[in-house]
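I opened my notebook for a slow look at one structure. My plan was to jot down each thing I looked up, in plain words.

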Amino acid sequence: MEDRKTVKSHSSYLPMVIAIAILIILNIVIVSLSLFSNEQNAEIINISGRQRMLSQKIKAAVVHNYLNEKPVFDESTNLDVLKWKQVHENLKNGNENFNVSNSFSLRLKYLNSLDEYIDFTYEFLHKKGDTTHHNLTEFIENQDQFLIAMDALVDDLQEQSELGHGNLILSTLGLSII
């Protein structure tokens, strides 16, 4: 008779054990999704930082060449501009080598708006004729606007990561309480 009570009391724990297992699995899924999102944001932030540095390198080379009365566009700057454009396209369209998917709408909003700055730079450096002080000033202003736009992208990605981190903590606490 006592064996039946023991079996019956152990079987009453089964729904609770199943509920705990489901909560643990749900918590693992939430954490995994959050980590994946933060990993993507971190990679984009890192690449964006390198893009900013390359933009500044291009600007410095152009100004240096102009001040030294050399052609503003040399082979080294050409390679940097081509790399800058290629990385921009990879960020915009996604690239597995960069660990960047192509389904990130916030990123696309900013990167599509950066096309005009990159196109302006490319056209400025490939146009024929002398570079005037006015043209150089336009080029510098364009580069400065690019940096501002990249800062906005990085700021929004950092804010999104922080929000995701806060949501992750809340969901983990909520699941722990349950």
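Below are my entries on helices, a core, some rings and one asparagine.

**Entry 1: the ground rule.** I reminded myself that this is a predicted model.

**Entry 2: the length of α2.** I started with helix α2, which covers residues 14-67. How far apart should the ends of α2 be at 1.5 Å a residue? Its 54 residues should span 80 Å, and I found the end C-alpha atoms 79 Å apart, so the two values agree. Just after α2, I noted that Glu-69 has a positive phi of about 55°.

Entry 3: Helix α3 runs over residues 75-93, which makes 19 residues. From first C-alpha to last I got 27 Å, close to the expected 27 Å. Then I looked up which residues of α3 are buried, and the list includes Val-81, Trp-84, Val-87 and Leu-91. Asp-80, His-88 and Lys-92 are among the buried ones too.

**Entry 4: Asn-65.** I went back to α2 for Asn-65, which is found in that helix. Is Asn-65 buried or exposed? Its relative accessibility is 6%, and the cut-off for buried is under 20%, so Asn-65 counts as buried. Leaving out residues up to four places away in sequence, Asn-65 touches Lys-70, Pro-71, Val-72 and Asp-74. I also saw that the Asn-65 side chain reaches the backbone oxygen of Pro-71 at 3.4 Å.

**Entry 5: the core.** Next I looked up the largest nonpolar core, which has 27 residues. Ile-58, Val-62, Leu-114, Leu-125 and Phe-146 touch the most other members. Which elements give two or more residues to this core? They are α2, α3, α4 (105-126) and α5 (133-177). The largest share comes from α5, with nine residues.

**Entry 6: the rings.** How many aromatic pairs does a search of the whole structure find? I got three. In one of them, Phe-120 and Phe-124 are stacked, with 6.4 Å centre to centre and 10° between the planes. These two residues are about one helical turn apart, because they sit four residues from each other in helix α4. Phe-120 is partly exposed at 27% relative accessible area, whereas Phe-124 is buried at 5%.

Phe-124 has another partner, Phe-139: their ring centres are 4.7 Å apart with planes at 15°, so this pair is stacked as well. That pair links distant parts of the chain, with Phe-124 in α4 and Phe-139 in α5, 15 residues apart. I checked the accessibility of Phe-139 and got 0%, so Phe-139 is buried. Put together, Phe-120, Phe-124 and Phe-139 form one aromatic cluster.

**Entry 7: a lysine over a ring.** Which residue lies over the face of Tyr-122? I found Lys-85 there, at 4.0 Å from the ring centre.

Conventions: Residues are numbered from 1 along each chain as its sequence is written. This is a predicted model: local features need pLDDT of at least 70, side-chain atom pairs count only at pLDDT 80 or more; totals for chains, interfaces and linings use all residues. Side-chain values use heavy atoms; hydrogens and water are left out. Buried means under 20% relative accessible area, exposed over 50%, partly exposed in between (1.4 Å probe, protein chains only). Contact means heavy atoms within 4.5 Å. A polar contact is a pair of N or O atoms within 3.5 Å; within protein, one must be able to donate a hydrogen and the other to accept it, and residues adjacent in sequence count only if both atoms are side-chain atoms. The expected span of a helix is 1.5 Å times one less than its number of residues. A nonpolar core is a set of buried Ala, Val, Leu, Ile, Met, Phe, Trp, Tyr and Cys residues joined through side-chain atoms within 4.5 Å. Rings of Phe, Tyr and Trp (its six-membered ring) pair if their centres lie within 6.5 Å; planes under 30 degrees apart count as stacked, over 60 as edge-to-face and the rest as tilted. A charge sits over a ring if NZ of Lys or CZ of Arg is within 6 Å of the ring centre and within 35 degrees of the ring normal.
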